[in-house]
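I opened this notebook to record what I looked up in one model. The entries run from the whole chain to single residues.

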Amino acid sequence: MGRMKQHPRYNIISCRISDETKASVEKALSGRSVQEFLHAALEEKLINDRQAWIDAYVSSLR
């Protein structure tokens, strides 16, 4: 095996999805690639989780 790079250029994430989920993703693409769609979905999930954490923290201060 070769040496690991300090800062790899790309990270690959693979997953298995059902035929129904794949059909839903393809329907929702609206001109974007699957990569762009999944990237946007992951970013939105991270933003929502971060906001939920902030909201919980602020409400605990009251």
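The entries below begin with the basis of the values.

**Basis.** I worked on a predicted model, in which local features need pLDDT of at least 70 and side-chain atom pairs count only at pLDDT 80 or more, while totals for chains, interfaces and linings use all residues. Residues are numbered from 1 along each chain as its sequence is written, and side-chain values use heavy atoms, with hydrogens and water left out.

**Overall form.** I looked up the secondary structure and found two helices and zero strands. Helices (H or I, at least four residues) and strands (E, at least two) are DSSP runs, numbered from the N terminus. The radius of gyration is 17 Å, well over the 11 Å that the globule rule gives for 62 residues, so the chain is more spread out than a compact globule. That radius is taken over C-alpha atoms, and the globule rule is 2.2 Å times the number of residues to the power 0.38. Along the principal axes, the C-alpha atoms fill a box of roughly 50 × 40 × 20 Å.

**Surface.** I noted an accessible surface of about 6600 Å² for the chain, of which 56% belongs to carbon and sulfur atoms; the areas come from the Shrake-Rupley method with a 1.4 Å probe, and for residues only the protein chains shown count as cover. Of the 62 residues, 5% count as buried. Buried means under 20% relative accessible area, exposed over 50%, and partly exposed in between (1.4 Å probe, protein chains only).

**Largest pocket.** I recorded about 620 Å³ of space in the largest pocket. Of its 18 lining residues, Ile-13, Gln-35, Leu-38, His-39 and Leu-42 are the closest to the centre. A pocket is an open set of points on a 1 Å grid over the protein atoms alone, where a 1.4 Å probe fits, with protein on both sides within 12 Å along at least five of seven lines; lining residues have an atom within 4 Å of a point. Grid points are joined across faces, edges and corners, and the volume is the space filled by probe spheres set on the points. Helix 1 (19–28) and helix 2 (34–61) each supply at least two lining residues, and helix 2 gives the largest share, eight residues. By class I found ten nonpolar, five polar and three charged residues in the lining. Ala, Val, Leu, Ile, Met, Phe, Trp, Tyr, Cys and Pro count as nonpolar, Asp, Glu, Lys and Arg as charged, and the others, Gly among them, as polar.

**Aromatic pair.** How many aromatic pairs does a search of the whole structure find? I found one. Trp-53 and Tyr-57 are stacked, at 5.6 Å centre to centre and 5° between the planes. Rings of Phe, Tyr and Trp (its six-membered ring) pair if their centres lie within 6.5 Å; planes under 30 degrees apart count as stacked, over 60 as edge-to-face and the rest as tilted. Both residues lie in helix 2, four residues apart, about one turn of the helix. Trp-53 is exposed at 58% relative accessible area, and Tyr-57 is partly exposed at 45%.

**Single residues.** I looked up Ser-30 in the loop between helix 1 and helix 2. Its phi is near 45°, a positive value in a residue other than glycine, and Ser-30 is exposed at 62% relative accessibility. Val-25, in helix 1, is buried at 16%.
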